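Reader: I have the model open beside me and would like to understand the terms used for it. Could you take me through them?

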Amino acid sequence: MRLSSRLALIALFAPLILIFTLIFAASSVARPASAPSALLPSVSARAAIPSAGEDLQVIEVTAKKYEFNPSPIRVKAGAHVQLKITATDHVHGVKLSEFADGADRSKPGLVFSSPQECLRIEKGQTQTLEFTAQAPGTYSIRCCVHCGWDHRSMKGQLIVEP
Ligand SMILES: [Cu+2]
């Protein structure tokens with residue numbers, strides 16, 4: 001009787017102890033594993049910031065029905081530019097051509113820090129575009145998210161001066 005109840009106790013507690021041990025082991029393993037991933041955003045954020053001595057020209061732009069302001073935006077060739085675009089009245093999109101109007105399309109005149117596609121900007125939100133203005137010329141900016149009846153005329157310009 002006694003032996004069997006002791007065995008029953010062991011049978012009851014052994015799996016519990018095993019489970020607690022596993023949970024403890026998992027949590028102590030999870031901690032160091034999560035540490036490097038927590039470091040990742042700061043590493044990539046650092047990579048996006050130009051190195052010391054390189055000037056970043058920050059330009060605030062608003063997007064509203066149906067214009068970008070200011071337009072044209074003027075920068076000098078060689079400038080490292082960050083456009084901070086805020087959609088003030090509605091969802092908009094921004095697409096800045098990496099080729100100057102009429103330029104040969106073999107080599108981009110604007111070198112972006114991240115791949116370029118349509119950048120969607122929710123109402124009241126700000127998105128950033130960062131690039132180096134390599135070649136002089138006029139670059140077109142257009143709204144690429146349908147925002148209303150005159151969406152197609154929503155355009156802007158970036159002029160890179162020599
Ligand atoms: Cu639009």
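This is a predicted model: local features need pLDDT of at least 70, side-chain atom pairs count only at pLDDT 80 or more; totals for chains, interfaces and linings use all residues.

Reader: Why is L110 called buried?

Author: A residue is buried if 20 or more other C-beta atoms lie within 10 Å of its own. L110 has 22 such neighbours, so L110 counts as buried. Across the 162 residues of the chain, 18% count as buried.

Reader: How far apart are the C-alpha atoms of L110 and Y139?

Author: They are separated by 8.7 Å, while the two residues sit 29 places apart along the chain. For the chain in general, 69% of contacts between residues at least 6 apart in sequence join residues at least 24 apart.

Reader: Which strand holds L110, and what makes that strand an edge strand?

Author: L110 belongs to strand β6, residues 110–112. The sheet is an open one of five strands in the order β2-β1-β4-β8-β6, with mixed pairing. Strands β6 and β2 (67–69) each pair on one side only, and they are the edge strands. From one strand to the next, the twist averages 30 degrees.

Reader: How do you know that β4 and β8 pair?

Author: Pairing asks for at least two bridges between two strands. Seven bridges join β4 (residues 80–87) to β8 (residues 126–133), so the two strands count as paired, and they run antiparallel. One of the bridge partners in β8 is T126, which goes with T86.

Terms used. Residues are numbered from 1 along each chain as its sequence is written. Helices (H or I, at least four residues) and strands (E, at least two) are DSSP runs, numbered from the N terminus. A residue is buried if 20 or more other C-beta atoms lie within 10 Å of its own, exposed if 12 or fewer, and partly exposed in between; C-beta atoms are placed from the backbone. Two residues are in contact if their C-beta atoms, placed from the backbone, lie within 7 Å. Axes are lines fitted to C-alpha atoms, for helices over the stretch in contact, and angles run from 0 to 180 degrees between N-to-C directions.
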